[in-house]
Amino acid sequence: MSALRIAVPRGALMGDTLDLLDRLGIDTAEVRANDRKLLFDDAGIVTMRPSDVPTYVEAGAADLGITGKDVLAEQAERNVYELLDLGFGPCRMVFATEAGEDRAAEALRRLGVMRVATKYPRIALDYFERTGRQVEIVEVKGSVELAPLTGLVEGIVDLTATGTTLRENGLVIREEIAASTARLIANPVAHKLKAGAIDALVERIRGG
Amino acid sequence: VIHPTPSGTRDVLPDEMRELRAIEAAVTSVFAAHGYGEISTPALEYEEVLTRGDAAAADPAYKLFDEDGNVLVLRSDMTIPIARVVATRYPTAEPPLRFCYVAAAYRSVRPQRGLAREMRQAGIELVGAPGPEGTAEAIAVLGEALGAAGLENYRIGLGDAGLYRRLLDRVGVPDDARPQILHELVTRDFVGLEREVERFGEPALARVPQLRGGPEVLDAVPEAGQLRAVFDRLDPSVAARVIFDLGLAHELGYYTGEVFEVYDAGLGQPLGGGGRYDDLIGRFGRDLPACGWALNVERLHLARVGEGR
């Protein structure tokens, strides 16, 4: 199994991912013990932001990777294979606005366009196009919840697991766009050249 | 002062050019030894020529107008231009016809991905030689060309563009369910594929396109007869390089039968590929089966450097 290099997402998916790798017999003790180190050659693990996982896997710098479906949907043009729904890390991509009167609906009605802040411009634009609404997408990198509170935008498209952060900032979910869970992805060339090792790993994950 | 070139294009300076030319010379000497004659066609074609070959082939390309208002398109591969050449310049010639080329092709790119708008391709088209013999010849030349280019660790992924449709026929999947299923297959989303085929209650629909490996993977798949026939005609030295991939599906619409891709362990993406296109030349007026492939010369060079040569 050490022949495979796996891209592991830091952040919310990391704990479940390392638990999964433990069950597969990959020693993750060093990864758990070391918060700064990024490359663990003995275990065949590299750690990175979830949104970087498709980049490394597409280029073949990692054979396999684990990341959220939300990341894959946002980077749909990446040439990677999506092998398994791992089931953990469930969350929803939602459209939310300030509680009370829906300012986004009002903007759409009176101004013809609503402003929406998001870290997922592609998913957001695609969703509002599909539902026939004109939007102006404002791409932000940090806390999206701030944008409607300051009047930058009328609504946001963001990922939420429990809805707590939205609630604490006085936002309510108006629409659910998609559900997301962690996925196992593979580099297209490794999928062929290391077919045996990858299939064995996939079978063991399926087997529980 | 910096005067940039368009993103996805680049200059090639003498040291690199010398190495690229050496690879091209090695590859074209293999083409010549097998009786493939080199041809050149215009980089610009009428849009209607490319769309006649394949609607998707002309779609993302670069378009301009000539003095008379005709729409011209930069070719996105050499296969369609050669199909045009065969039908118009060789209307009665006795097949098989063997052509090769080293030429630039043009593709649109998504920004900031390091993808090339302009790429050097070296390839062959074998016209009028039906499968499986024709396919086996094209793959044999491919293996020899890769060896001549200096690659030692390459593999050839071999699949069949018609296999999954035949499987859908056998299971009796209705026409209206197929576009979504094929979309999941072409976008390599096996999670989506399993979701879409679950209701048909036939495990093979999800399992077969995930089969990769040696000839043993063909055993339980009745739709794989053509692949077996090609494999049986390959020289053992080439056959040892083949990895069957029953999920291999090309985005280009003109492939009708066997399709292949070339891999090297040092590169994360294929070096090139090709396949059978038995209907394409007929769209230009001469009904001949054909098979061909193209290698990306710059990626060959990358793989060679990656192998330490």
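Mentor: Residues are numbered from 1 along each chain as its sequence is written, with chains lettered from A and ligands numbered from 1 in the order in which they are written. In this predicted model local features need pLDDT of at least 70 and side-chain atom pairs count only at pLDDT 80 or more, while totals for chains, interfaces and linings use all residues; side-chain values use heavy atoms, leaving out hydrogens and water.

Trainee: Why is the pair of A:K194 and A:D63 called a salt bridge?

Mentor: The closest N and O atoms of A:K194 and A:D63 are 3.0 Å apart, and a salt bridge is a side-chain nitrogen of Lys or Arg within 4 Å of a carboxyl oxygen of Asp or Glu, so the term applies.

Trainee: What makes A:D63 buried, and what is A:K194 called?

Mentor: A:D63 has a relative accessible area of 9%, and A:K194 stands at 30%; because buried means under 20% relative accessible area, exposed over 50% and partly exposed in between (1.4 Å probe, protein chains only), A:D63 is buried and A:K194 counts as partly exposed.

Trainee: Which chains does the pair of B:E194 and A:R206 connect?

Mentor: B:E194 forms a salt bridge with A:R206, the closest N and O atoms being 2.7 Å apart. The pair crosses between chains, from B:E194 in chain B to A:R206 in chain A.

Trainee: Why does B:R233 count as partly exposed?

Mentor: B:R233 has 42% relative accessibility, so it counts as partly exposed; its salt-bridge partner is B:E133, with the closest N and O atoms 2.9 Å apart.

Methods: Helices (H or I, at least four residues) and strands (E, at least two) are DSSP runs, numbered from the N terminus.
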